Amino acid sequence: MIDRNLLREEPEKIREALNNRRSDFDLDRLIELDEKRRELLEVEQLRARRNQLSQQIGQIIRDGGDAEALKAEVAALKDQIATMEPELEQVEAEFEQMMLEIPNIPLAEVPVGESEEDNVVVKAWGEPRQFDFDALPHWEIGEKLGILDFEGAARIAGARFVTNIAAGATLERALINFMLDTHIRKHGYTEVFPPFLANATSLTGTANLPKFEDDLFKTLDGYYLIPTAEVPLTNMHQGEILAAADLPKHYCAYTACFRREAGAAGRESRGMIRLHQFHKVEMMKFVTPETAADELQKLIENAEAILEMLDLPYRRGALCTGDMGSQPRQTFDLEVWMPGMQIWTEISSCSQYGDYQARRCNTRYRPAPEAKPEFVHTMNGSGLATGRTVAAILENYQQPDGTVEVPEALRPYMGGMPVIVPPLP
RNA sequence: GGAGGGGUGACCGAGUGGUCGAAGGUGGCGGUCUUGAAAACCGUUGAGCGAAAGCUCCGGGGGUUCGAAUCCCUCCCCCUCCGCCA
């Protein structure tokens, strides 16, 4: 949700943002509804008159008088109000709906572009590994080692699931603990273990609803499986007015994430890259507007620290206006090199939203003790997606004999295991 | 799942048809006192929309009424007891 005052004050700024995003959002309709809505507010005059008369009636009755004439006048007013209100309600409903669907306005420094072709690499770290043997993709490595079972998972659930077994399960669990410990102990985040299901209000708060319902799994009871820990974390202070002293709040959570991936068939579909259920350690911050840029920078570096500790080569890309999701104001993706697949794969996505989500969640803060409440700014980023990290480790640390070395930083979390070997026959 | 009790401002908590946007307290802010602070005392302090007048908001929605925080219906949430269960 954006500031509705912008509709009147800077419509061209919104229009430009929509153009840059290649969005087909009907801004003219929204502006028209806003004007209509404001016109229809004249019903407030009638309400004022009605309130006034009701007060008088009360006074007359208390004084023992006859208020029938006034009652008749109020009745007439009520009829008049009743004919005007439905139109106002209808206009307001459509207005609210469109306000829930309008994309965020990208920051000025976001590169303008059409598609992922126009994203800009702003940083690269590490040397992509060279192998003197044919590097395998992670699914082949995992299956040969008996630690990733895609067929078994298909029997249990269906396509786009995986079962981690033995060292494969340990590896993912080790990554979760390693990432959480690092963010909590070294980077100063507060650990959170939230619900993995959320209600429609929360999904609306993060802007997954109403527009992206098709991406979500929904239960018969009306709950949604969370597509990311961003959903529970961003809704932790729904409806609250925080004190300035409460900010910033830095949260970090491990959760399973569930996505329908409708329409993603065929694309990056092999292995652990695109699954209905994946696992992720997420960082999320509530901050004041002045600190947002700085806080995002730190958040990205916190994610990069994990990749560096695991010695996985990566690059940081600034997403362009056409490739960015509709909610963020700015997004940076971290992509890790997959020597087996021979591609860079997104392993973290770090975004700031400005007040876009805070408006939906109604999460505010008081800049000073007596000041008017302002919306907080929110941001989040994966730190990291653990499934894709498993894949990256398998591909980057594979050895000619088919075994996989365990990164140094992870060994304490793997019971000291230095290398993953196939099970004994 | 069954029975009962509740949801009020940043927080706690009063309020069962009008004078209630809401007592009282806590917290915040300002002041008196003090070298300073604490304590005490005095004052002040909800949010949204609107240029303003004003309108809206006492969990959400609907209804009764001239008038609803207060009455009725419905949904959601919380608590207690029972049942079930990791």
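1. Lys 280 is buried at 5% relative accessible area. Buried here is under 20% relative accessible area, exposed is over 50%, and partly exposed lies in between (1.4 Å probe, protein chains only). Glu 282 is also buried, at 2%. The side chains of Lys 280 and Glu 282 form a salt bridge, with 2.7 Å from N to O. A salt bridge means a side-chain nitrogen of Lys or Arg within 4 Å of a carboxyl oxygen of Asp or Glu.

2. A note on the basis. This is a predicted model, in which local features need pLDDT of at least 70 and side-chain atom pairs count only at pLDDT 80 or more, while totals for chains, interfaces and linings use all residues. Residues are numbered from 1 along each chain as its sequence is written, chains are lettered from A and ligands numbered from 1 in the order in which they are written, and side-chain values use heavy atoms, with hydrogens and water left out.

3. The salt-bridge count comes to 25. One of them joins Glu 114 to Arg 22, at 3.2 Å from N to O. This pair links distant parts of the chain, 92 residues apart. Glu 114 sits in the loop between helix H5 (68-101) and strand S1 (120-125). Arg 22 sits in the loop between H2 and helix H3 (27-40). Helices (H or I, at least four residues) and strands (E, at least two) are DSSP runs, numbered from the N terminus. Glu 114 is partly exposed, at 49% relative accessibility. Arg 22 is partly exposed too, at 39%.

4. A local pair sits in helix H2 (residues 11-20). Arg 15 and Glu 12 form a salt bridge there, their closest N and O atoms 3.5 Å apart. The two are 3 residues apart, so about one helical turn separates them. Arg 15 is partly exposed, at 26% relative accessibility. Glu 12 is exposed, at 51%.

5. Salt bridges also link Asp 3, Asp 355 and Arg 359 in a network.

6. Asn 164 deserves a look. This residue lies in strand S3 (residues 163-164). The Asn 164 side chain makes a polar contact with the side chain of Glu 172, at 2.9 Å. A polar contact is a pair of N or O atoms within 3.5 Å; within protein, one must be able to donate a hydrogen and the other to accept it, and residues adjacent in sequence count only if both atoms are side-chain atoms. A polar atom of the Asn 164 side chain also lies 3.1 Å from the backbone oxygen of Gly 168.

7. What does Asn 164 touch, leaving out residues up to four places away in sequence? The list is Ile 147, Leu 148, Ala 169, Glu 172 and Met 272. Contact means heavy atoms within 4.5 Å.
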